[in-house]
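Work through the exercises below with the model open. Each task is followed by its solution in steps.

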Amino acid sequence: MLRLAVQKSGRLSDKSIDLLHRCGIRFSHPKGRLRAVSDNFPVEILYLRDDDIPGYVEDGVADIGMVGENVVLEKGVQVETIRRLGFGRCRLAIALPKGDAYEGVTSLAGRHIATSYPRLLGDFLSKAGVEASIHEISGSVEIAPGIGLADGICDLVSTGSTLLSNGLAEVETVLKSEAVLVGSRSLSDEKKALLDRLCFRVDSVLKARGYHYVLLNAPIESVDRIAALLPGMRSPTVVPLAEEGWVSMHSVLDDDAFWTVVDQLKEAGAEGMLVVPIDKMVI
Ligand code: PRT
Ligand code: ZN
């Protein structure tokens, strides 16, 4: 049985659980419960605070975990990054009060910077050869400059609206992060085999993201022109419609690509186009 740690409640919880469900793994997640065992895959889910996940995986309390890369790197643990999961994207950035003069990283010398990420900030500053003082605080970092606690901050940013509403402007990116699947470096062969099975499913779900399935009707003489626009995984499916001289064509298409080819598809005679999401893709 694999033990998998996910965030109990927070920004990564729903997406982690959704990914596992899309992988066909069934388990309950009632509020207040700290663990659940799947009834159709040999995995036990542990619901934990995100800060505890890297350490538990390193110690082998959990075999694998889903957590922000920012937390893994800040903890400095010895774990394997198995997959990047494509959600929970954010950046760890240094921000100063808007209007403060900034002429590159040397402008940070001698400043007091508040952060919950002292290790990552310290590494960034020492690589840049800049000496600044790091003030570690555990939450509400963005108010530190406003109350005179620090000259600037180093915190996670996604939309940037928190910085904006606190009168701060981003000046440096320390790290680009997303949720990752991490694993212990000492898994038994049996657990490794289970992890391979899980990763196969995860890959199928991740591959399907960003792709759509396109269905359209077209006169039979347009098939070649349309096939050139919709190459699909091998070539498009072409099935006859009940109406003589017409076919339905099906293909897989990149998210963005649809809008670049839609006019050419119409011009080639395509009509009744449907674009639907793909749940899994095994290539
Ligand atoms: O309770 P627990 O300890 O488990 O959770 P937590 O409160 O420590 O973490 P949580 O749920 O807030 O975040 C979990 C993970 O989500 C982080 O470690 C990141 O990997 C990822 N993530 C992605 C973010 C953000 N985006 C994010 N925007 N984590 C935090 N923020 C915060 C940021 O700290 C700031 O306060 O959101 C604010 C900025 O957001 P914007 O949109 O205004 O820029
Ligand atoms: Zn946390």
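A polar contact is a pair of N or O atoms within 3.5 Å; within protein, one must be able to donate a hydrogen and the other to accept it, and residues adjacent in sequence count only if both atoms are side-chain atoms. This is a predicted model, in which local features need pLDDT of at least 70 and side-chain atom pairs count only at pLDDT 80 or more, while totals for chains, interfaces and linings use all residues. Residues are numbered from 1 along each chain as written, chains are lettered from A and ligands numbered from 1 in the order written, and side-chain values use heavy atoms, without hydrogens and water.

**Exercise 1.** Find polar contacts of ligand 1 and state how much of its area the protein buries.

Step 1. A polar side-chain atom of Ser161 is 3.3 Å from an oxygen atom of ligand 1.
Step 2. For Arg11, a polar side-chain atom lies 2.8 Å from a ligand 1 oxygen atom.
Step 3. Gly160 uses a polar backbone atom, 2.7 Å from an oxygen atom of ligand 1.
Step 4. Ligand 1 alone exposes 840 Å², of which the protein buries 78% (Shrake-Rupley method, 1.4 Å probe; for residues, only the protein chains shown count as cover).

**Exercise 2.** Which residues coordinate the zinc ion (ligand 2)?

Step 1. Asp50 (OD) and Asp51 (OD) coordinate the zinc ion at 2.0 to 2.1 Å. Donors are N, O and S atoms within 2.8 Å of the metal (3.2 Å for Na, K and Ca); water is not among the atoms, so sites may look incomplete.
Step 2. The four donor atoms span angles of 75 to 174°, and the zinc site is irregular. Four donors count as tetrahedral if all angles lie between 85 and 135 degrees; four count as square planar and six as octahedral if opposite donors are over 155 degrees apart and all others between 65 and 115; anything else is irregular.
Step 3. Asp51 counts as partly exposed because its relative accessibility is 30% (buried is under 20%, exposed over 50%, partly exposed in between; 1.4 Å probe, protein chains only).
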